[in-house]
Amino acid sequence: MVETYSRLADEYDSAPNRASCWGRVSRETLAQIAIEASHGTVLDVGCGTGRELAQLAGASEPTIQFIGVEPAPKMREIAAAKTAEQSN
């Protein structure tokens, strides 16, 4: 499974994938998450390409630390690049 996700990493954030039922569920779920300043650290296990992690970090207090864990090497590489400019 890890190899499959790594192989598909470049397509993961594509418009068709974001428009799929999984993309819609992801957006709807993300919209319901409220991160408060008292949440010192947020851990995203299986963060994929880091798209949602970057969105959450960008909309949260800079004092909150965000950590993404991803076993698929290519997904992890994309996530690291996508979140590199996030201060938290």
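This is a predicted model: local features need pLDDT of at least 70, side-chain atom pairs count only at pLDDT 80 or more; totals for chains, interfaces and linings use all residues.
Residues are numbered from 1 along each chain as its sequence is written, and side-chain values use heavy atoms, with hydrogens and water left out.

**View 1. Tyr 5 and Tyr 12 make an edge-to-face pair.** The ring centres sit 6.4 Å apart, with 65° between the planes. For the cut-offs, rings of Phe, Tyr and Trp (its six-membered ring) pair if their centres lie within 6.5 Å; planes under 30 degrees apart are stacked, over 60 edge-to-face, and the rest tilted. Tyr 5 is partly exposed at a relative accessible area of 40%, and Tyr 12 is partly exposed too, at 29%. Here buried means under 20% relative accessible area, exposed over 50%, and partly exposed in between (1.4 Å probe, protein chains only).

**View 2. Ser 6 is tucked into the buried class.** This serine belongs to helix α1, residues 2-7. Its relative accessibility is 18%, so Ser 6 counts as buried. Leaving out residues up to four places away in sequence, Ser 6 touches Ala 72, Pro 73 and Lys 74, a contact being heavy atoms within 4.5 Å.

**View 3. Strands β1 and β2 run parallel.** Five bridges join β1 (residues 41-45) to β2 (residues 65-69); two strands pair if DSSP finds at least two bridges between them. Val 45 stands opposite Val 69 in β2.

**View 4. The whole chain, for context, has five helices and two strands.** Those are DSSP runs numbered from the N terminus: helices are H or I with at least four residues, strands E with at least two. Starting at the N terminus, the order is α-α-α-β-α-β-α. The radius of gyration is 13 Å, close to the 12 Å from the globule rule for 88 residues, so the chain is as compact as a globular protein of that length. That radius is taken over C-alpha atoms, and the rule is 2.2 Å times the number of residues to the power 0.38. Of the 88 residues, 28% count as buried.
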